[in-house]
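Trainee: I should be grateful for a close look at one helix of this structure and at what surrounds it. Please take its packing as the starting point.

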Amino acid sequence: LHKALRQHANITVVGHAADPVRLYQSASVCVLPTLEDGFGLVVLEAMACGVPVILTENTGAKDCVRRNIDGFILPPYQVEAVAETLSCCARHRDQLAQMGRQARQQAEQMLQAFLERLRTFRVLDPACGSGNFLYLALQTLKDLEHQVMLEAEQLGLQRGFPLVGPE
């Protein structure tokens, strides 16, 4: 497949990349025609970079994509559908650019919603007040919030002020 795809100058097949942001930003569309995938983080990364996505119904990340607004969700095993969608994207560049802007907005909203869920997360101390468990849980939530903000910032999203803390 890679050999066949490399014959086309306008198709780039990429493996692991040290700087994926630059690759996303140079793409017109990101295609993830997976047959099985729990959650393809690549979908949110592409959307955060303003790149619309084409994926199958067999990835958990499909729940992040609004069909025909910021991406396309296709049935699995339908090679013709992927080809037809790519052809449509090539013919309708203005609409594709609008989808990219919508994808970016959707990624920003999803980031804010996730950070809000972290902020409002409540932990019950099974030791009834020793404090050790609560301290470790709070530190883990703060670390997760920090990591999410760093990764979002690398993708060009606005980094917010840390909000996870004891109440």
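Mentor: Helix H5 (residues 93-119) packs, through its buried residues, against helix H3 (41-48), strand E3 (71-74), helix H4 (79-91) and helix H6 (132-154). Helices (H or I, at least four residues) and strands (E, at least two) are DSSP runs, numbered from the N terminus. Buried means under 20% relative accessible area, exposed over 50%, and partly exposed in between (1.4 Å probe, protein chains only). The model is predicted: local features need pLDDT of at least 70, side-chain atom pairs count only at pLDDT 80 or more, and totals for chains, interfaces and linings use all residues. Residues are numbered from 1 along each chain as its sequence is written, and side-chain values use heavy atoms, with hydrogens and water left out.

The buried residues of H5 are Leu96, Met99, Gly100, Ala103, Gln106, Ala107, Leu111, Leu115 and Leu118. An α-helix has 3.6 residues a turn, so residues three or four places apart point the same way. As for its length, the 27 residues of H5 should span 39 Å at 1.5 Å a residue, and the end C-alpha atoms are 39 Å apart, which agrees. The expected span is 1.5 Å times one less than the number of residues.

Within H5, Gln106 is a polar residue that counts as buried because its relative accessible area is 10%. Its side chain reaches the backbone oxygen of Cys64 at 2.9 Å. This is a polar contact, that is, a pair of N or O atoms within 3.5 Å; within protein, one must be able to donate a hydrogen and the other to accept it, and residues adjacent in sequence count only if both atoms are side-chain atoms. Leaving aside neighbours within four places in sequence, Gln106 is in contact (heavy atoms within 4.5 Å) with Met47, Cys64, Arg66 and Asp70.

Gly71 counts as buried because its relative accessibility is 0%. The C-alpha atoms of Gly71 and Met47 are separated by 8.8 Å, although these residues are 24 residues apart along the chain.

On a 1 Å grid over the protein atoms alone, a pocket is an open set of points where a 1.4 Å probe fits, with protein on both sides within 12 Å along at least five of seven lines; lining residues have an atom within 4 Å of a point. The largest pocket has a volume of about 1,400 Å³. Of its 39 lining residues, Ile11, Thr12, Val29, Cys30 and Val31 are the closest to its centre. H5 is among the elements that give two or more residues to this lining, while H4 provides the largest share, six residues.

The second largest pocket, with a volume of about 520 Å³, is lined by 20 residues, and Leu41, Leu44, Glu151, Ala152 and Leu155 lie nearest its centre. H2, H3, H5 and H6 each supply at least two residues of that lining.

Methods: Points joined across faces, edges and corners; volume = space filled by probe spheres on them.
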